[in-house]
Amino acid sequence: MIAFLLFLSAITGFHFPPSDTTHFLLVPLDHHIKNARKIEISYTLMHPYDKQKETILLIEDPLDKYFQESIDMQPLLDEFNIVHIKGRNEADAILQIINSSGEIDWAKAYQLLNMDQQARDIELIRNALTGNHRVHLLGFSGAAAYLHYYLGLFPENVKSLISFNPLLFDLQKNLNLINPSQCLEAIPLENASYLDFLWYNNSENLCKEQTGTEYIDLAFYFYLKWRFLLPSLVEADKADIAQKIRLFEHSYGLTYNAASNLLESKIAKWMMLESHEIWKQFERIPFSVYGVNYDRGLDFSGKVLIVGAVHDKLLSRFCYDVLAEFYLNSTLLLIRDGHSFGKLGGSMLHSKLISSFINNDIQEKVTVYQLLQDEGLLFNKKDRVRY
């Protein structure tokens, strides 16, 4: 069963087939410098843009891409304009600037690749593509965190946000919530293997207190045995600057000015180690770090759907409860799954869920709810026995 679930988890995230309808847009190198030079970024459409359809924006996140492949978005292509934004992460102009001296300037790298720059790129693409019409935002994990930041900047330009397991470590830190992977800290995993294990694991009882390590050891054994079914995980390329920026942003959110017990988290240590070049620069000459302004959610009148996994081993599921309170018109849907949403991806119900929410189709919402219930995926907060 564990092997089967691990197999299903290999199809999560968001994906649609390659397309030759790739478009390019010039955006400022630095949105905070007046008359800054322009660089080219790209976005992709599966079909020519149709003004009669609602538009969904997705953004690629280097950390999400590193760990998993994607949910098939094909069922939604006929109904919506789906825009896949690659962003500035692979822009040659940026790579040349930050490496102009022959050695990477990590402070400059953060200045040009942080979530604020990415969000402002999204806004220019939205405006250029839709003619200033409002759009729907759809994101998973790290990409969802981007979109919560974007929504705080431009709430008037968004109709709705669907956020799957937004990886907002600062919420966990600021709320002083227990690290959900705390019971796994004794496992001798090295480097990214630890984060990889937590990303995919959806075992319900893995972190029950006072159960010993037998079940944890068994789960890890199956993980190692069947890992070949998952998207390939390799050590990060030293040149993958954008990924290090994301690891810095996540580790900053989880650790900076945090309580000492959070600093002992193995996941925090790994992320800090993998982004140590940026941390070293930050500690030598501190620079401003961007984070989500949650209070701005009160300015957003549109709809928000937060889909949270109750067995997430990366982020406490109570973060999703709190996040939903920052929006006036929010719905929280809790799913019995791990961070990668392997079970939800295997059910193939994600497209029906997305469509029913965007279209506000009440009957379809009821149908999806019942199907999720039939699959045993819905979590009821009153069901304390099974949680």
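These legends accompany close-up views of one predicted model.

The model is predicted, so local features need pLDDT of at least 70, side-chain atom pairs count only at pLDDT 80 or more, and totals for chains, interfaces and linings use all residues. Residues are numbered from 1 along each chain as its sequence is written, and side-chain values use heavy atoms, with hydrogens and water left out.

**View 1. The whole chain, for orientation.**
The chain holds 17 helices and eight strands. Both are DSSP runs numbered from the N terminus: helices are H or I with at least four residues, strands are E with at least two. Of the 387 residues, 56% are buried. Buried means under 20% relative accessible area, exposed over 50%, and partly exposed in between (1.4 Å probe, protein chains only). Contact means heavy atoms within 4.5 Å. Among contacts between residues at least 6 apart in sequence, 79% join residues at least 24 apart.

**View 2. His23 in strand S1.**
Strand S1 covers residues 22-28 and includes His23. His23 is partly exposed, at a relative accessible area of 32%. Tyr43 lies 20 residues from His23 along the chain, yet their C-alpha atoms are separated by 5.5 Å. Beyond residues up to four places away in sequence, His23 touches Ile41, Ser42, Tyr43 and Leu45.

**View 3. Val304 in strand S7.**
Val304 belongs to strand S7, residues 303-309. Its relative accessibility is 0%, so Val304 counts as buried. Neighbours within four places in sequence aside, Val304 contacts Leu161, Tyr327, Asn329, Ser330, Thr331 and Phe357.

**View 4. Helix H5.**
H5 runs over residues 115-130. Its 16 residues should span 22 Å at 1.5 Å a residue, and the end C-alpha atoms are 22 Å apart, which agrees. The expected span is 1.5 Å times one less than the number of residues. In H5, 12 of the 16 residues are buried, so the helix is largely enclosed by the rest of the structure. Among these buried residues are Met115, Asp121, Glu123, Arg126 and Leu129.

**View 5. Helix H10.**
Because 15 of its 15 residues are buried, H10 is largely enclosed by the rest of the structure.

**View 6. Ser347 in helix H15.**
Ser347 sits in H15, residues 342-347. Ser347 is buried, with a relative accessible area of 16%. Residues up to four places away in sequence are not counted; Ser347 then touches Glu375 and Leu377.

**View 7. Helices H16 and H17.**
The axes of H16 (residues 350-359) and H17 (residues 362-374) come within 9 Å and cross at roughly 150°. That makes the two helices roughly antiparallel, a term for angles over 145 degrees, with under 35 roughly parallel, 65 to 115 roughly perpendicular and the rest oblique. Axes are lines fitted to C-alpha atoms, for helices over the stretch in contact, and angles run from 0 to 180 degrees between N-to-C directions. H16 contributes Lys352, Leu353, Ser356 and Phe357 to the contact, and H17 contributes Glu364, Lys365, Val368 and Leu371.
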